[in-house]
Amino acid sequence: MTQRLRLGVNIDHVATIRNARGGDHPDPVRAAEIVARCGGDGITAHLREDRRHIRDDDLARIQAATDLPLNLEMAATDEMLEIALRHRPHAACIVPERREERTTEGGLDAAGQHNRLAPIVSRLADAGIRVSLFIAPEERQIEAALLLGAPVVELHTGEYAHATGEQVEGELRRLADMAALAAKNGIEPHAGHGLTYDNVLAVAAIPQLAELNIGHYLVGEAVFVGLEAAVVRMRELMDLAR
Ligand code: PXP
């Protein structure tokens with residue numbers, strides 16, 4: 001039997017809606033509480049350099065409000081390292097960040113940035129934070145993650161999510177092969193980005209994957225059916241795939 005696939009819910013876009021009006025509503029902490037009640041396995045939040053959604057004070061409030069593990073997505077900067085060491089989330093997922101992008105559009109170049117990443121990975125690890133690298137499903141990035149000693153990689157599913165026609169199979173194969181390669185090398189593979197009710201099944205069926213992180217689609221669905229129903233439906237689909 002394959003292991004249970006964990007669902008980390010990325011609540012950033014609840015904060016995006018809040019920030020559109022500059023007040024306190026809707027509160028991402030309330031979203032975290034709902035996720036905790038309805039079968040989510042973790043909360044994922046990205047504190048971006050420009051604070052466009054999650055803000056510094058949200059992190060402590062999320063940690064205080066639920067016992068679910070917090071997965072902090074962060075750029076590999078000294079500022080974010082300092083914040084991560086202060087908050088000590090369960091996990092830190094290092095992501096590439098460009099101010100002008102709408103979301104995290106590509107994977108981290110773990111291979112090209114070894115020297116920049118190495119001290120950050122080791123300081124996070126020394127603090128007991130589980131480090132994950134958000135990488136494209138490429139062999140050289142898995143090798144780089146291995147070299148950096150990262151216990152987890154999150155495979156970027158954006159190319160798969162945007163693929164059409166025959167490309168879909170190819171992208172899926174890449175994800176499956178790289179999940180298998182990571183697992184074979186003792187790295188726990190996760191996946192995320194652009195996952196929806198329609199495309200999650202094939203990814204969730206990849207047996208080595210231990211966790212999916214899903215955000216934008218769930219918050220979008222929540223507008224129509226509520227966050228609890230959206231998370232429960234995603235959970236059902238993930239379980240169906242296993
Ligand atoms: N995982 C990581 C590392 C991400 O950066 C994001 C997007 O912020 C997600 C998962 C979730 O992607 P989406 O919001 O498209 O579901």
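Helices (H or I, at least four residues) and strands (E, at least two) are DSSP runs, numbered from the N terminus. This is a predicted model, in which local features need pLDDT of at least 70 and side-chain atom pairs count only at pLDDT 80 or more, whereas totals for chains, interfaces and linings use all residues. Residues are numbered from 1 along each chain as its sequence is written, and side-chain values use heavy atoms, with hydrogens and water left out.

**View A. The loop between H1 and H2 holds Pro26.** Pro26 lies in the loop that runs between helix H1 (12-21) and H2, and the peptide bond that leads from His25 to Pro26 is cis, with omega near 0°. Most peptide bonds, by contrast, are trans.

**View B. Arg51 and His193 in their loops.** Arg51, in the loop between strand S2 (42-46) and helix H3 (56-65), has a phi near 55°, which is a positive value in a residue other than glycine. His193 is found in the loop between strand S7 (188-192) and H9, and its phi, near 115°, is likewise positive in a residue other than glycine. Most residues other than glycine have a negative phi. His193 counts as buried because its relative accessibility is 18%, where buried means under 20% relative accessible area, exposed over 50% and partly exposed in between (1.4 Å probe, protein chains only).

View C. A nitrogen atom of the ligand lies 2.5 Å from a polar side-chain atom of Glu154, while a polar backbone atom of Gly215 is 2.8 Å from an oxygen atom of the ligand. A polar backbone atom of His216 is also 2.8 Å from an oxygen atom of the ligand. Of the 400 Å² of accessible area that the ligand has on its own, the protein covers 95%, with areas taken from the Shrake-Rupley method with a 1.4 Å probe.

**View D. Helix H11 and its buried residues.** In H11, the buried residues are Leu227, Ala230, Val231, Met234, Arg235, Leu237 and Met238. Seen down the axis of H11, these residues fall within an arc of 165° and so line one face of the helix, the arc being that of the directions from the helix axis to the C-beta atoms. Their cover includes strand S1 (6-10), helix H2 (28-37), helix H9 (200-204), strand S8 (211-214) and helix H10 (216-225), with contact meaning heavy atoms within 4.5 Å.

Conventions. Polar contact = N/O pair within 3.5 Å; in protein donor to acceptor, adjacent residues only side chain to side chain.
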